[in-house]
Amino acid sequence: MTITIAANGVPKPPADIIEGFRSAPTSIISDNLGRLPGAVGLKPFHRGGKLVGTAFTVRTRPGDNLAIHRALELVGPGDVIVVDGGGDETRALVGEIMKNIAEWRKAEGYVIDGAIRDVAAFAASDFPCFARAVIHRGPYKNGPGEINVRVSIGGSVISPGDIVVGDEDGVVSFPAATAAGLLEAVRAQILREEETLKAIREGRYQGSYGKS
């Protein structure tokens with residue numbers, strides 16, 4: 001069946017913007033997004049490491065990964081492969097081989113609203129993978145699917161080219177056009193929270209955190 005490709009690639013924001021978010025916790029990014037956006041129900045399956053990059057999106061029929069295989073022919077450095085699998089947990093969309101293909105293509109990682117398998121390979125690797133579940137059952141490869149269209153991941157709408165950040169707390173995303181201002185706000189909050197922690201350690205904390 002047909003795989004529709006809306007675009008072969010996605011625009012990349014300036015490298016300094018991407019690198020700026022590498023040290024930004026998703027919790028603080030979320031705070032500065034009104035505490036509203038962010039995928040719900042996904043968890044990290046890799047050993048460790050931050051996920052930061054731009055969304056290369058895939059929408060596929062639940063339990064079918066033909067569109068993901070097609071996307072793997074197109075992704076490159078800086079791309080986060082964001083897969084809308086409809087939240088289906090009955091068949092794995094990605095396993096060890098597709099993990100290694102994505103790494104070879106120098107993608108930044110996977111965000112999958114669906115299941116994976118070969119979980120031990122992910123657990124032994126620092127290649128980021130966030131998914132909903134694990135199951136041994138493999139996928140169909142029939143299609144249909146779409147590449148680089150707007151997708152819904154755990155209740156969060158992600159567009160091609162959005163910046164995606166993932167860590168131990170989960171995954172958040174936002175438009176690249178808002179990234180510079182968001183990064184400034186995130187850095188200011190990090191400094192405020194560092195000061196609060198210092199005040200606690202020094203015994204001079206007076207309850208300001210509960211008012212922020």
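Which residue of β9 stands opposite Ala115? Ala115 faces Ala133 in that strand. The model is a predicted one, in which local features need pLDDT of at least 70 and side-chain atom pairs count only at pLDDT 80 or more, while totals for chains, interfaces and linings use all residues. Residues are numbered from 1 along each chain as its sequence is written, and side-chain values use heavy atoms, with hydrogens and water left out.

**Strands and pairing**

Helices (H or I, at least four residues) and strands (E, at least two) are DSSP runs, numbered from the N terminus. Two strands are said to pair if DSSP finds at least two bridges between them. Strand β7 (residues 115–116) is joined to β9 by two bridges, and the two run parallel. These strands belong to an open sheet of three strands in the order β5-β7-β9, with parallel pairing. Its edge strands are β5 and β9 (133–134), each of which pairs on one side only.

Strand β6 has parallel partners of its own. Five bridges join β4 to β6, and Asp84 stands opposite Asp113 of β6. Two bridges join β6 to β8, where Cys129 is the bridge partner of Tyr110. Strands of a sheet pair through backbone hydrogen bonds, either parallel or antiparallel.

Five of the five residues of β6 are buried, so this strand is largely enclosed by the rest of the structure; buried means under 20% relative accessible area, exposed over 50%, and partly exposed in between (1.4 Å probe, protein chains only). Gly109, Val111 and Asp113 point one way from β6, Tyr110 and Ile112 point the other way, and all are buried. In a regular strand the side chains alternate between the two faces of the sheet.

**Nonpolar cores**

A nonpolar core is a set of buried Ala, Val, Leu, Ile, Met, Phe, Trp, Tyr and Cys residues joined through side-chain atoms within 4.5 Å. The largest one has 23 residues, and those with the most contacts inside it are Ile68, Ile81, Val94, Tyr110, Ile112 and Ile116. Among the elements that give two or more residues to this core are α3 (66–71), β4 (79–84) and β6 (109–113). The largest share, three residues, comes from α3. Another core, of 15 residues, lies apart from it and includes Ala24, Val52, Val172 and Ala179.

Contact means heavy atoms within 4.5 Å. Not counting residues up to four places away in sequence, Ile68 touches Val58, Val83, Leu93, Val94, Met98 and Tyr110.

**Asn148**

Asn148 lies in the loop between β10 (145–147) and β11 (151–153). At 5% relative accessibility, Asn148 counts as buried. A polar atom of the Asn148 side chain lies 2.8 Å from the backbone oxygen of Ala7. Leaving aside neighbours within four places in sequence, the residues in contact with Asn148 include Ala6, Gly9, Phe56 and Pro160.

**Backbone exceptions**

Most residues other than glycine have a negative phi, and most peptide bonds are trans.

A cis peptide bond, with omega about 0 degrees, joins Gly143 and Pro144. Pro144 is found in the loop between β9 and β10.

Methods: A polar contact is a pair of N or O atoms within 3.5 Å; within protein, one must be able to donate a hydrogen and the other to accept it, and residues adjacent in sequence count only if both atoms are side-chain atoms.
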